Amino acid sequence: MVVRSARGLLFSLLCLPALAAAQDPDDARGWLERMREAVRERNYIGTFVYRHRGQLETLRIIHRAGPGGERERLYSLNGSAREIIRDNDKVTCILPDDKSVLVDNRPPGNPFADWVPEDIAALGEHYEFRLGADGRIAGRPAKALHIRPRDNYRYGYQLWLDKASGLMLGASLHNDAGEAVEQLLFTSLDTPQSIDEALLQPGASGEGFTWYRGQERGGAGSSAEDASAWSVAKLPPGFTLLRRYQHEGREATGPREHLLFSDGLASVSVYIEPLAGMPVFDGMSRMGAVNAYGRQLDDHQITAMGEVPAATVRAIANAVRRIGGGG
């Protein structure tokens, strides 16, 4: 595949104008539900291009579903080598160039899965849904679906769904100015009845690599949360604490926490780590669709980042409090 031609296809298909229609929003929600089931319950093998942060990546995904759950392999075809192997909730990220492997229990963390909403019924309070044009992507008939935010705390989305399988064939994320700041497009997609085990094996064994293992500490209201030194005050509407992780740093500077917030579609990560002499990141930063906001709290760096408006990451970072301390 020629990357230059893929880029042109990416822009031309994902920027097709929406067909105005007074659609029943429940029809759009039905398409979303079908997509959510398909991405978990179907076998599929595909190649997609992903434009984000000023870069264009080509990735290959192999997903197998069965009685034992889900297995998945995602790997890059250009740029720095990286590979993600998922066995249900166990995720292994292999970075051959760095000779490192990260093993954790967390959501997949790949761009394809990140576009799949968690709780579709709850999204209606913060997003509106409309069906759009019919189209064709990767040689497959597709249906456009528009997801528009009801406030200024989240971005809008446009999805292209495969009419035959319900799988997502393309997607774009639109900022508050309506600009497409992130895009994903499949150039090939197959849905085989079975997938050979060999296709799910990593390309690198990880032998001789440095291995890092994370520890999940639970979500809101868990005993693990009670053991944490950090709490979160008022959040933007619709956002809740989804998961909390703890990692030991490469140096003995104390634990580092990762808090994951979501409104069911958009997500924001908050990283809390000891400063230990490192420079303080204070204020706002932006790269592509990602906004980041940093602040110092006591002797820790608080950084919130996500594909959401600047006001959202600022509000969430400022909501972090040290238990028993000020904010």
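Q: Which backbone oxygen lies 3.2 Å from a polar atom of the side chain of Ser 262?

A: Keep in mind that this is a predicted model. For a polar contact, look for a pair of N or O atoms within 3.5 Å. Here the oxygen belongs to the backbone of Ala 266. The Ser 262 side chain also reaches a backbone nitrogen, that of Gly 264, at 2.9 Å.

Q: Where is Ser 262 found, and what does it touch beyond residues up to four places away in sequence?

A: Start with the strand, then list the neighbours. Ser 262 is in strand E16, which covers residues 255-262.

Q: Does Ser 262 count as buried or exposed?

A: Buried means under 20% relative accessible area. Ser 262 has 9% relative accessibility, so it counts as buried.

Q: Which side chain makes a polar contact with the side chain of Glu 70?

A: Check the N and O atoms again. The partner is His 63, whose side chain is 2.7 Å away.

Q: What else is Glu 70 in contact with, leaving aside neighbours within four places in sequence?

A: Besides His 63, the list has Val 39, Arg 40, Arg 64, Arg 86, Asp 87 and Asn 88. Take Arg 40: it is 30 residues from Glu 70 in sequence, yet their C-alpha atoms are 7.1 Å apart.

How values were computed. Residues numbered from 1 in each chain as written. Predicted model: local features only at pLDDT ≥ 70, side-chain atom pairs only at ≥ 80, totals over all residues. Heavy atoms only, no water. Contact = heavy atoms within 4.5 Å. Polar contact = N/O pair within 3.5 Å; in protein donor to acceptor, adjacent residues only side chain to side chain. Helix = DSSP H or I, 4+ residues; strand = E, 2+ residues; numbered from the N terminus. Buried < 20%, exposed > 50% of the residue type's maximum accessible area, 1.4 Å probe, protein only.
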